[in-house]
Amino acid sequence: VYRYIANAGNFPDADAFTIAQHLGRLAQYHDAAGQREQRTEALREAVELMSDPRLARHLPAYLEALYDALRTQGAYRAAKAIAERAVALDTALGDDAHLVRDLNQLAIAEDWLGDLDAAGATHRRALEVAERAFGADHPEVGNVLNNLGFIAEERGDYLQATALYDRALEIFSRAFGQNAWTTAGALQTLASVWSARGDHQRARA
């Protein structure tokens, strides 16, 4: 039914936004059915329809969904291209909240492709935007710090990773309290890097 409705030829008077919405619902159906390629194709069609400049403010959500679909398929290079497009759109719209998220997605794709230098630079840009948009103690800043810590850990720079994870833990502790799941996860991440540094006493503390 969704495929029939989403077919513009069946409803020549339907506007692009309405058809794109139905394609989005069709993609959700394919996702629930485990039909990854069909989900991706429906989202590609939706993104093409939403590329009209008049619909630019609605496009980020569709780009995010397409990025996730491509990531799930292991199409990391294509996912990176979508993330780059989303970053450019967020920048043009002046949407810092979405820009932080899409920069993080871009950096993750760069990491998947083995480019740690690019991933680190993109995460640092995300950190700068997050601090400007939300303030230095916002949980979103903590999330970006965790991502930067992961890149440092991948490089084997455990000293820098410790500093980044420690700052993230401080932010989460203030924002959510010591007993929150987010804080506990950050504490576990910090403990793992202390263990990697050979300081098992601090890892257990």
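Lysine 80 is partly exposed, with a relative accessible area of 21% (buried means under 20%, exposed over 50%, partly exposed in between, with a 1.4 Å probe and protein chains only). The model is predicted, so local features need pLDDT of at least 70 and side-chain atom pairs pLDDT 80 or more, while totals for chains, interfaces and linings use all residues. Residues are numbered from 1 along each chain as its sequence is written, and side-chain values use heavy atoms, without hydrogens and water.

Lysine 80 forms a salt bridge with glutamate 84, with the closest N and O atoms 2.7 Å apart (a salt bridge is a side-chain nitrogen of Lys or Arg within 4 Å of a carboxyl oxygen of Asp or Glu). Both residues lie in helix H5 (residues 76-93), 4 residues apart, or about one helical turn (helices are DSSP runs of H or I, at least four residues, numbered from the N terminus). Glutamate 84 is partly exposed, at 35% relative accessibility.

The structure holds 11 salt bridges. Arginine 174 forms one with aspartate 137, at 2.9 Å between the closest N and O atoms. Arginine 174 lies in helix H9 and aspartate 137 in the loop between helix H7 (116-134) and H8, so the pair ties together parts 37 residues apart in sequence. Arginine 174 is exposed at 53%; aspartate 137 is partly exposed at 48%. Another salt bridge joins arginine 54 and aspartate 52 (2.6 Å, N to O). Arginine 54 is exposed, with a relative accessible area of 71%. Aspartate 52 is partly exposed, at 22%. Asp31, Arg39, Asp68 and Arg71 are linked in a network of salt bridges.

Terms used
Helix = DSSP H or I, 4+ residues; strand = E, 2+ residues; numbered from the N terminus.
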